[in-house]
Every structure is written in structure tokens, then in C-alpha cells.
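Here are some friendly notes to go with the model you asked about. Please read them beside the coordinates.

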Amino acid sequence: MELAYIPSPSRGVLYLGPIPLRGYAFCIIIGVFVAVWLGNKRWIARGGRAGTVADIAVWAVPFGLVGGRLYHVITDYELYFSPGRDWVDAFKVWQGGLGIWGAIALGALGAWIGARRRGIPMPAYADAVAPGIAFAQAIGRWGNWFNQELYGRETHVPWALHITSSEGGRVPGYYHPTFLYESLWCVGVALLVIWADRRFRLGHGRAFALYVAAYCVGRGWIEYMRVDDAHHILGLRLNDWTALIVFLLAVTYIVVSSKKRPGREAVVEPGVSDGSADGTEGAEEAEDKAEPEAVEAAEAVEAKDDAESATKKS
């Protein structure tokens, strides 16, 4: 008898009349809101306008959802196009199945389109939203808990996940909660990026690259623990190879970018001077206004001294 374990929800959907309220979808929606909220705060702190992150997210989020689904369907095509399968199921996103690699790749394309329309450098935008994306992934992983999917090997640790569903070839039992491992790892990645960005003033896309590299490290060992069906290449799961390749690309970008473009962007949004995004004046503007006022004050003091001298002589 297991005295401690993580229970699975009895169902992943509730109905408000005829309207289904799915836990998987809610996790994704909440994650998007958190990413936009935090990204907006970081964008303003870097000198951008409030609302810019949300405007670009209007492009990035739909592209990301399509990309995530495409990656999943392409890499697990047998689930939808094998004999006895219904290809229409490929469109049923609410049943789970969003590949983060496709979501980030196509989401970045959408963000690039939105940023280009506003004349904003894409690397600066990516740096601002990087930790928010990690937090969004941490929240989104709980959608797998609602669907009782993507768990690890069988185990009897106190934090084991109790799978109760037998649908889709599941075997009820106690398994490693890899969704929870990845969720906690993503929180750690977000905090790491925030700390490193403050400590080293990362710019030109390096904060985003750090997020990508750190996530890949965690995804590698978590992916190795999973027991769901996946394609293997030379004994490793496809997503392990993807994580390794993307990690190397991210690290290479950090090294090369640091040499070619050290420091951080001085201006991240056209028409917004440094420090004026929140209504405050930039240092140069304040100095320009203060200089004539100082001259006028000095002239007034000099005139007063001349008047007193003239009074004494008389």
C-alpha cells in the first residue's frame, strides 16, 4: 500500500453546460499570460514601451501553437496516419501533443514578423521574454498531469505519480512524475536567466540563448526517463538528439555573440529614449533642462551682489 504519491485528476475536463473546460488548455493560457506579463515588465525596464510585448505576442503565440502541433504530428506521425488511425485526430490539440521545439521555432518566426513591423530588434525582444517563456513552460507542463501523459519509469518514491487511466495503452500504476521534474526545472531556468541578466547585463539575444541552453540540459535527462513511445536514433530518443544539437547551437551563439557584440543594446524600441518609457526623463534631457536654469540662477545672484555693492558705495 502506497502511503504517499501524487494523485492524478479523475478527469481533465469539466463542462459548463455544453462548453468543455479543459485543464490542458487552461495551463497553456495561464502560461501565455504569465509570459506576456513578465516580458512586459522586463521590456519596460530595458527602455521599451508598455504593451509592445503583448502586441508582438499576438503574432508569436498562434505561430507557436501551430509549430508545436506540427512538430508533434510529424515526429509521431504513426499516431495519426497509421492503419486504423484517424488523421482528423491530428487537429485535436486539446488531447495533448505540443512539441516545445516546434513551438519555439515557429513562435520565434511569428515574433520576428511582429518585431519587424514595429522596427524592433528581435534579439532584444527575445532577451526580454526569455524567463517568461520558461515560466510558461513550467505552468504548461501541468496540462500533462490533467491528461495523465508523459510520465516516467515505474517507481515507488514518495512523490510517485499515480496513473489511473488505462486509455491509449496506459498501464495503471506508480511512475516518475516527469511533468513535475520538467516544471521545476523550467522554474529554475527562469530564475537563472533573471539572475544572469542582472549580473552580467546580457544583451543581443544572449539571455534567450542561456534559457535555451539551460532548458536543453534538463530536457535531456528528463527525456531519458520517459517511457512513452518515441523514435530512437543510435539508442537515444529523438528529443534527446534535438536537445543536444540545440544546446550546442545556443552555447556557440553565446560565445560568438559575446565577442562580436559585447554589452547590451542602448535602444530597444525606436522613438523611446533611454529611461523615458515609464514617463521619466533621460539623463541627457534632464541635464539639458537643468543647464539654462542654473545659468539664470547664477545671473540672478550676480545681479543681487551688484545691487548690494552699489548700495554700500552710495
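Contact here means heavy atoms within 4.5 Å. This is a predicted model, where local features need pLDDT of at least 70, side-chain atom pairs count only at pLDDT 80 or more, and totals for chains, interfaces and linings use all residues. Residues are numbered from 1 along each chain as its sequence is written, and side-chain values use heavy atoms, with hydrogens and water left out.

1. Let me start with Asn40, which sits in helix H1 (residues 23–45); helices (H or I, at least four residues) and strands (E, at least two) are DSSP runs, numbered from the N terminus. Apart from neighbours within four places in sequence, Asn40 touches Arg49, Ala50, Gly51 and Val53. Its C-alpha atom is 7.3 Å from that of Ala54, 14 residues away along the chain.

2. Next, the hairpin. Strand E2 (residues 13–16) and strand E3 (residues 19–22) run antiparallel and are joined by four bridges; two strands count as paired if DSSP finds at least two bridges between them. Leu14 has Leu21 of E3 as its bridge partner, while Tyr15 stands opposite Pro20. Two residues lie between the strands, and Gly17 in the turn has a positive phi of about 70 degrees.

3. Which strands make up the open sheet, and in what order? There are three, in the order E1-E4-E5, and the pairing is mixed. Strand E1 (6–7) and strand E5 (173–175) are the edges, each pairing on one side only. Strand E4 (residues 161–163) runs antiparallel to E5, with three bridges between them; Leu161 has Tyr175 in E5 as its bridge partner.

4. Helix H7 (residues 178–200) is worth a look for its span. Its 23 residues reach 32 Å from first C-alpha to last, close to the 33 Å expected at 1.5 Å a residue (the expected span is 1.5 Å times one less than the number of residues). Just after H7, Arg201 has a positive phi of about 50 degrees.

5. Now for a helix pair. The axes of helix H4 (residues 100–117) and helix H8 (residues 206–225) come within 13 Å and cross at roughly 170 degrees, which makes H4 roughly antiparallel to H8 (angles over 145 degrees count as such). Axes are lines fitted to C-alpha atoms, for helices over the stretch in contact, and angles run from 0 to 180 degrees between N-to-C directions. Ile100, Trp101 and Ile104 of H4 meet Phe208, Tyr211, Tyr215, Cys216 and Arg219 of H8.

6. Finally, the charged pairs. The whole structure holds 15 salt bridges, each a side-chain nitrogen of Lys or Arg within 4 Å of a carboxyl oxygen of Asp or Glu. One of them joins the side chains of Asp55 and Arg118 (2.6 Å, N to O). Asp55 belongs to helix H2 (residues 52–75) and Arg118 to the loop between H4 and helix H5 (122–140), so the pair ties together parts 63 residues apart in sequence.

Conventions
Angles under 35 degrees count as roughly parallel, over 145 as roughly antiparallel, 65 to 115 as roughly perpendicular and the rest as oblique.
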